[in-house]
Amino acid sequence: MGKRRRLWLAATMASTALALAASGMAVAAEAPAHDTVVYAGALIDGVTFAPRRQVTIVVHEGKVAAVEAGYVAHPGATVIDLKDQTVLPGLIDCHVHIASKLPSQANAVEDMVTHSAVDAVLDGAVFARAMLLQGFTSARDVGGGDDTVSLRNAIDAGKVPGPRLWVSLEPLGPTGGHGDPSNGFDSRLHHPDWQNGIVDTPDMARLRVREHHKRGANLIKIMPSGGIASTGDDPRAQLMTNEEIKAAIDTAHALGMKVAAHTYPAQAIINTVNAGVDSIEHGSFADADAVKAMKAHGTYLVPTLTVYDVYMKAAQEHPELLPPGTAEKELANDAIPKRNLPLAYKAGVKIAYGTDIGEGDHAREFALLAEAGVTPADALSFATRNAADLIGAADRIGTVQPGRYADLIAVSGDPLSHLELMEQVRFVMKGGVVYKADGHPVALP
């Protein structure tokens with residue numbers, strides 16, 4: 001380009017900018033976005049768990065812009081008055097199956113063979129809305145399918161209300177293991193999706209992880225041991241080989257994904273922890289050696305006491321609704337995790353909050369943790385700061401501080417003295433949008 005041409009372009013651009021400025025249309029002259037201020041009578045910010053009194057939280061473009069001492073005036077901002085309430089970070093459930101129905105509400109086998117992925121995503125949308133209103137603004141779904149990816153994307157796009165979701169797709173495990181959907185069926189029955197999680201060699205493990213990543217998974221779920229709510233497998237046996245476990249974990253980590261492992265028996269926990277897993281889900285039969293391994297490696301435990309409570313009741317009252325042969329396993333094993341949790345808790349193992357349900361009350365885990373000897377402050381940390389760290393999103397969620405999403409909840413009273421208040425959340429804001437106020441839903445379709 002010649003010198004005269006460059007000079008002409010510069011002059012033209014300058015005159016255009018002056019004209020836009022004169023007309024009030026210059027981009028640089030845009031008015032600032034509208035802010036919201038939240039006046040909190042008390043704030044438990046998740047950074048620490050000592051309440052701060054009389055706090056102003058400034059929300060700008062869906063994020064926390066400032067946390068200020070006192071009730072500070074911000075002319076022009078929308079004011080949300082929570083001076084009579086305690087504000088906390090939005091809660092996080094690290095183990096959900098967002099489209100799963102409570103065992104007392106449906107026959108498990110009938111529901112599986114009569115409902116499609118479309119039905120699942122619609123159920124998930126209903127349960128996600130309820131979960132958000134309970135105060136859970138983020139969650140990790142550890143065992144769905146393409147329906148969970150679609151639901152996550154719809155929530156992110158603002159099409160349906162719900163928590164932010166990190167999803168794993170189908171759990172990876174061996175033929176006949178806890179993650180094999182064909183367990184208990186006539187061997188001639190087949191569904192193409194039933195193979196999406198089957199892993200019988202290290203090479204298959206690597207392939208499945210890569211497939212899940214391609215299909216939109218945020219993390220990987222593996223099934224090293226048998227389970228309880230599945231037909232024909234042994235919850236006290238390790239069913240994946242150590243080589244399969246390590247291949248899945250190494251491949252996921254190479255792709256930037258964390259790995260959650262459904263693991264019950266102590267030796268399987270030790271083997272999976274030694275392979276570098278990020279979290280042990282359930283950990284039901286952990287002993288002192290398993291706890292020592294988790295502590296040494298900094299591995300998280302997600303205890304999921306809620307699911308045992310729910311399924312124990314179902315096994316007692318409605319065994320006919322459970323998969324064949326599983327009611328007996330529930331009755332024999334569901335009381336053990338709550339007895340074992342204190343061993344890990346007292347040893348200082350890192351713990352994150354999880355319920356292992358979709359439909360139902362995700363806040364009931366707080367009471368179960370308290371019954372197991374967990375202090376209110378620690379229980380709150382499991383569901384906020386620790387959960388965010390496990391997910392890998394501590395720079396975005398889990399605390400109330402500048403730069404994080406404006407995910408705020410509030411209760412009437414002091415949850416450090418009355419943890420049961422966490423089952424009575426009265427205010428919910430996610431990303432600066434209020435979904436519940438004065439105990440009632442708002443701004444929901």
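The lining of the second largest cavity comprises, by class, 4 nonpolar, 5 polar and 3 charged residues (Ala, Val, Leu, Ile, Met, Phe, Trp, Tyr, Cys and Pro count as nonpolar, Asp, Glu, Lys and Arg as charged, and the others, Gly among them, as polar). The residues that line the second largest cavity are Pro89, Gly90, Ile92, Thr137, Ser138, Arg396, Ile397, Gly398, Thr399, Arg404, Tyr405 and Asp407. Its volume is about 50 Å³. The model is a predicted one, in which local features need pLDDT of at least 70 and side-chain atom pairs count only at pLDDT 80 or more, while totals for chains, interfaces and linings use all residues. Residues are numbered from 1 along each chain as its sequence is written, and side-chain values use heavy atoms, with hydrogens and water left out.

On a 1 Å grid over the protein atoms alone, a cavity is a set of points where a 1.4 Å probe fits but cannot get out, a pocket is an open set with protein on both sides within 12 Å along at least five of seven lines, and lining residues have an atom within 4 Å of a point. Grid points are joined across faces, edges and corners, and a volume is the space filled by probe spheres set on the points.

In these terms, the structure holds 2 cavities of 30 Å³ or more. The largest cavity has a volume of about 80 Å³, and its lining counts 13 residues, with His282, Gly283, Leu301, Asn340 and Leu341 nearest the centre. This lining contains 9 nonpolar and 4 polar residues but no charged ones. At least two lining residues each come from β10 (279-285), α8 (288-297) and α11 (336-347), and α11 has the largest share, with 4 residues. Here helices (H or I, at least four residues) and strands (E, at least two) are DSSP runs, numbered from the N terminus.

Two or more lining residues are given by each of α4 (146-156), β7 (164-167) and β14 (433-437), with β7 giving the most, 3 residues.

Strand β14 also belongs to an open sheet of 8 strands with mixed pairing, in the order β3-β2-β1-β4-β12-β13-β14-β15. Two strands pair if DSSP finds at least two bridges between them. The edge strands, β3 (63-69) and β15 (440-441), each pair on one side only. Strand β2 (residues 52-60) pairs with β3 in the antiparallel sense over 6 bridges, and Val55 stands opposite Ala69 in β3.
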